Amino acid sequence: MLPARALDATGNLFALGLDTIRAAFRRPFSWVELMQQFWFVVSVSWVPAMLISIPLGAVIALQLGTLTKQIGAESFTGAASVLAVVQQAAPMVTTLVIAGAGGAAICAEMGSRTIRDEIDAMKVMGLDPVQRLVVPRVIACVMAAILLNGLVSVVGVLGGYFFNVILQGGTPGAYLASFTALAQISDLWIGEIKAIVFGFLAGVVACYRGLNTAPGPKGVGDSVNQSVVITFLMLFFVNFVLTALYLTLVPMKGA
């Protein structure tokens, strides 16, 4: 029974994602709801994202700086640090914060609407909950992920630069020169693509768990916890797939 229920839930989750994409092109579109949700997700996520990106960029720079000194490749510290932040750390940190802050709030709101029978009332009135509620929230998560991914990338790179140059005695010119020598524009694109996909997943999972909340306040709390955990699990799996595809299909600069 348990595997069957898990498969049903997985299928329903993917079905909601497809319904969201299809409903996003139908009219009327809830522009006011979209901007409200976008502002809310960004307002609760941008400060934690910055606070996480600073020490994360520092840890990456310090660890790579120590490693490159051991193998005699100090001149490539900048490239390794920046690429690690842009390709991997920034989109993942962005989505973790969005799922833990904005996604949890979205799930709680949708769950509250569900246990108060507001979703069923919308269906009775002929309104599509996916078009009116899910689509604006999912698009808001995607837009917030794109914006915060750029912010986290800049802050993480600056943090890594500061700690590598100031604490480890690195050369500023070598740090920047190695990055420009090995990085390419596709490295930025894969970071943004990951942010879009991860933001979409965070929004869909939050809305799905909210729409399938068990009755009572405990059901809302359980749905919020499940939405965060499911998003984290899917995030790491999808990140592995996208990274493997990128490294396979896009030739590295200088290779």
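Partly exposed, the label used for several residues below, means a relative accessible area between the buried range, under 20%, and the exposed range, over 50%. Keep in mind that this is a predicted model.

**View 1. Arg22 and Asp19 pair up within helix α1.** The side chains of Arg22 and Asp19 meet in a salt bridge, with N and O 2.4 Å apart. Both sit in helix α1 (residues 2–23), and because they are three residues apart there, about one helical turn separates them. Asp19 comes out as partly exposed, since its relative accessibility is 29%.

**View 2. Arg26 reaches across to Asp128.** Here the closest N and O atoms of the salt bridge are 2.7 Å apart. Arg26 belongs to the loop between α1 and α2 (31–71), while Asp128 belongs to the loop between α4 (118–124) and α5 (129–167), so this pair ties together parts that lie 102 residues apart in sequence. Arg26 is partly exposed, at 34% relative accessible area, and Asp128 is partly exposed too, at 27%.

View 3. Glu109 and Arg113 form a salt bridge with an N to O distance of 3.3 Å. Both are in helix α3 (residues 77–115), four residues apart, or about one turn of the helix. Glu109 is partly exposed, with 26% relative accessibility.

View 4. A disulfide is a covalent bond between the sulfur atoms of two cysteines. How many disulfides does the structure hold? The count is zero. Cys107 is in no disulfide, and the nearest cysteine sulfur, in Cys207, is 8.4 Å away. For Cys141, the closest cysteine sulfur is again that of Cys207, at 7.0 Å, which is too far for a bond because the cut-off is within 2.5 Å. Cys107 is buried, at 1% relative accessible area, and Cys141 is buried as well, at 0%.

**View 5. A nonpolar patch lies on the surface and includes Leu249.** Phe237, Phe240, Val241, Leu245 and Leu249 make up this patch, and together they have about 540 Å² of accessible area. Leu249 is found in helix α8, which covers residues 217–249. Is Leu249 buried or exposed? Leu249 counts as exposed, because its relative accessibility is 65%.

Notes: Residues numbered from 1 in each chain as written. Predicted model: local features only at pLDDT ≥ 70, side-chain atom pairs only at ≥ 80, totals over all residues. Heavy atoms only, no water. Patch = residues over 30% accessible without salt bridge, like charges linked within 9 Å, V, L, I, M, F, W, Y side chains within 5 Å. Areas by Shrake-Rupley, 256 points an atom, 1.4 Å probe, with all protein chains shown as cover. Salt bridge = Lys/Arg side-chain N within 4 Å of Asp/Glu carboxyl O. Helix = DSSP H or I, 4+ residues; strand = E, 2+ residues; numbered from the N terminus. Buried < 20%, exposed > 50% of the residue type's maximum accessible area, 1.4 Å probe, protein only.
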